[in-house]
Amino acid sequence: MKKIIIYVLYFVISFCCFSNTLTAAENETILFPSIDGLQITADTYIQHTDKKTPFIVLFHQAHWSRGEYQEIAPKLNHLGFNCMAVDLRSGKEVNGVANATMMRAKAEGKGTTYVDALPDMEAALKYVRNHYAQGKVIAWGSSYSAALVLKIAGDRPELVDGALAFAPGEYFKRFGKPGTWIQDSAKKIKVPAFITSARKEKKSWSDIFNAIPSKTKASHLPATKGNHGSRALWERFEDSHGYWKAVTGFLEKNFKN
């Protein structure tokens, strides 16, 4: 009897250790090359083993890093999605997470403007399709990257099956782009697209949203003042539940089997 108990305890302990090892392996920091060879840093949040699980690629706002999604990505896992949060070369730090891609770009003398980050986003989406996802791939952006997510959805439809944009706008005139650079691409979006922002920011994206011909587009404007970018979903903000309700509804309607 004593031997049986010892055997059972050994099995339980071994199983727990094995399970913990699997969990650690599913969430990790990785490196992959951008289009110009710059090494991009990203955090994977992969909790679903079926490669047909819809996959969300998360891009941060200006002056920030992949740390923007420390709280958000696990919740998306719980909703049934795998995720990857990416350090773009245009950024800095947030939530104690430094932007490793930006530091690497500066060390190599590469540009770090919003526009310079576009190839990083395209490379990240390609990498996910090649290494992780056999199902739908969704691009999610915050502030400047929200605008670029919509641009990619319109110009590079082979890369994305959906787009979520938190506070997009025409942020690129100072980099030599037309004042309707994002709107012009939005006219070609055929995949499900979602836009939201702080309440006062609606004017920044209303023309972009109206230009999207997709019949599965949706938007959310909070009754409260809200917040800029994906941080609107952080628990510290009392109105975050309204954003989550809108996001969850959009994702479940368009991407859950």
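1. In this note, two residues are in contact, or touch, when heavy atoms of theirs lie within 4.5 Å. By that criterion, and leaving out residues up to four places away in sequence, Phe 59 touches Tyr 69, Val 86, Leu 88, Met 121, Ala 124, Leu 125, Ala 139, Trp 140, Gly 141, Ser 142, Ser 145 and Val 149.

2. A word on the basis of these values: the model is a predicted one, in which local features need pLDDT of at least 70 and side-chain atom pairs count only at pLDDT 80 or more, while totals for chains, interfaces and linings use all residues. Residues are numbered from 1 along each chain as its sequence is written, and side-chain values use heavy atoms, with hydrogens and water left out.

3. The chain holds 8 helices and 10 strands, where helices (H or I, at least four residues) and strands (E, at least two) are DSSP runs numbered from the N terminus. Of its 257 residues, 53% count as buried, buried meaning under 20% relative accessible area, exposed over 50%, and partly exposed in between, with a 1.4 Å probe and protein chains only. Among contacts between residues at least 6 apart in sequence, 72% join residues at least 24 apart.

4. In soluble globular proteins, nonpolar side chains tend to be buried together.

5. Strand β9 (residues 193-196) is covered on both faces, with Ala 193 and Ile 195 buried on one side and Phe 194 and Thr 196 buried on the other. Strand β9 pairs in the parallel sense with strand β8 (residues 162-166) over 4 bridges, and two strands are said to pair if DSSP finds at least two bridges between them. Strand β9 also pairs with strand β10 (residues 218-220), again in the parallel sense, over 3 bridges, and there the bridge partner of Thr 196 is His 220.

6. Which residues of α7 are buried? They are Trp 205, Ile 208, Phe 209 and Ala 211. These residues lie on the same side of α7 because they cover an arc of only 155° around the axis, the arc being that of the directions from the helix axis to the C-beta atoms. On the other side of α7, Lys 203 and Asn 210 are exposed. The cover over the buried residues of α7 includes α5 (144-155), α6, β9 and β10.

7. Arg 89 sits in the loop between β4 (82-86) and β5 (93-94). Is Arg 89 buried or exposed? Arg 89 counts as buried because its relative accessibility is 3%. The side chain of Arg 89 makes a polar contact of 2.9 Å with the side chain of Asp 36, and another of 2.7 Å joins the side chains of Arg 89 and Asp 120. A polar contact is a pair of N or O atoms within 3.5 Å; within protein, one must be able to donate a hydrogen and the other to accept it, and residues adjacent in sequence count only if both atoms are side-chain atoms.

8. Val 247 belongs to helix α8, and at 0% relative accessibility Val 247 counts as buried. Although Val 247 and Leu 164 are 83 residues apart in sequence, their C-alpha atoms are 8.5 Å apart in space. Not counting residues up to four places away in sequence, Val 247 touches Trp 140, Leu 164, Phe 166, Phe 194 and Leu 233.

9. Two backbone angles deserve a look. Most residues other than glycine have a negative phi. Ser 143, in the loop between β7 (137-142) and α5, has a positive phi near 60°, and Ala 167, in the loop between β8 and α6, has a positive phi of about 70°.
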